[in-house]
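Hi there,

Here is the structure I promised to pass on. Please have a look at it first, and then read my notes below.

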Amino acid sequence: VDSPLVWGVHVGKDSSKFNSLEDLRGEGVFAISRFGSGSHLMAYVLAQSLGFDTEKDMKFEVIENLDGARKALPGNGKLVFMWEKHMTSPFVENGEFRRIGEQPTPWPCFVIAARSDFIFTNGDLLEKVVDVVREECTSFKNGGDDTLDYINSVYGIERSGASTWLDSVHWNCTLQVDKDMILETGKVLHNLGRLEHAPTDGDINRITMSVAEEHEPESEEVKS
């Protein structure tokens, strides 16, 4: 998926006194699914975008998932919960949450990943898998009322919201990854303290060459 995931920033509707993202500075406690998760990482992305001190202004509480947030936020006005904004829309609309801001990911939503040995030994199979994913994505996005009804019945998202969400999602089911995207993602993760070193163009070239050489078939001369 080429498009970013837009995370809503939520607080308890009645329990919280936070009304803006700036109110969270030094006061908010980020409710996360687990350490190392997307909600944990995006809390740092948000904090950095606001100029918070990520050493002093960051506090966390593990709530495991969306259901955990629904249980925790009404009883703790300090909690701040980040989750994909369309998935939380039903709980904003029913008054459980208030959304006080949004934060898009500085990278694409999802990628298809595989081990290098699998890619070299099962390339044809991997292409078939990607083709199936591409076909299903195209069918889903172009499904009209059937798709909107499905999203509404499974996730409780109103049809208008489901339509807006579909319009914002861009699938890219290919067997290529943009190198600039990898470099930019690595730079952001390094700035957030998640990577010791930001990858360089040379790093990616060396890894690509190393993997290719590792899986290069032996010549008949070497075999003999």
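**What I found**

Strands S2 and S4 run parallel and are joined by three bridges. Please keep in mind as you read that this is a predicted model. In that pairing, Phe-30 has Val-80 of S4 as its bridge partner.

S2 also pairs with S3, again in the parallel sense and over three bridges. Here Ala-31 is the residue to look for, with Glu-61 as its bridge partner in S3.

Are the residues on the two faces of S2 buried or exposed? Val-29 and Ala-31 lie on one side, Phe-30 and Ile-32 on the other, and all of them are buried, which leaves both faces of S2 covered.

Five strands make up an open sheet with mixed pairing, and their order is S3-S2-S4-S1-S5. The edges are taken by S3 (60-62) and S5 (97-104); each has a single partner strand, so one side of each lacks a neighbour in the sheet. From one strand to the next, the twist averages 30°. Helix H1, residues 38-49, packs on this sheet and touches S1, S2 (29-32), S3, S4 and S5. The direction of H1 makes about 80° with that of S5.

The antiparallel part of the sheet includes S1 (residues 6-12) and S4 (residues 79-84), which are joined by four bridges. If you want a place to start there, His-10 has Phe-81 in S4 as its bridge partner.

Two residues outside the strands may also be worth a click.

- Glu-64 sits in the loop between S3 and helix H2 (66-72). Its phi is near 80°, which is a positive value in a residue other than glycine. Glu-64 counts as exposed because its relative accessibility is 59%, and the cut-off for exposed is over 50%.
- Arg-159 belongs to helix H7, residues 159-168. With a relative accessibility of 35%, Arg-159 counts as partly exposed. Leaving aside residues up to four places away in sequence, Arg-159 touches Asp-145, Leu-148 and Asp-149. Arg-159 and Asp-145 are 14 residues apart along the chain, and their C-alpha atoms are separated by 8.6 Å.

Finally, some figures for the chain overall. It contains 10 helices and five strands, and its C-alpha trace spans about 75 × 45 × 25 Å along the principal axes. Of the 224 residues, 32% are buried. Among contacts with a separation of 6 or more, 72% come from residues 24 or more positions apart. The accessible surface comes to about 13600 Å², and carbon and sulfur atoms account for 51% of that.

How many positive and negative side chains does the chain have? There are 22 positive and 38 negative ones, and the centres of the two sets lie 8 Å apart.

I hope this helps you find your way around.

Best wishes

How values were computed
Residues numbered from 1 in each chain as written. Predicted model: local features only at pLDDT ≥ 70, side-chain atom pairs only at ≥ 80, totals over all residues. Heavy atoms only, no water. Pairing = 2+ DSSP bridges. Axes fitted to C-alpha atoms, helices over the stretch in contact; angles between N-to-C directions. Contact = heavy atoms within 4.5 Å. Buried < 20%, exposed > 50% of the residue type's maximum accessible area, 1.4 Å probe, protein only. Areas by Shrake-Rupley, 256 points an atom, 1.4 Å probe, with all protein chains shown as cover. Lys, Arg positive; Asp, Glu negative; His and termini not counted. Charge placed at Lys NZ, Arg CZ, Asp CG, Glu CD.
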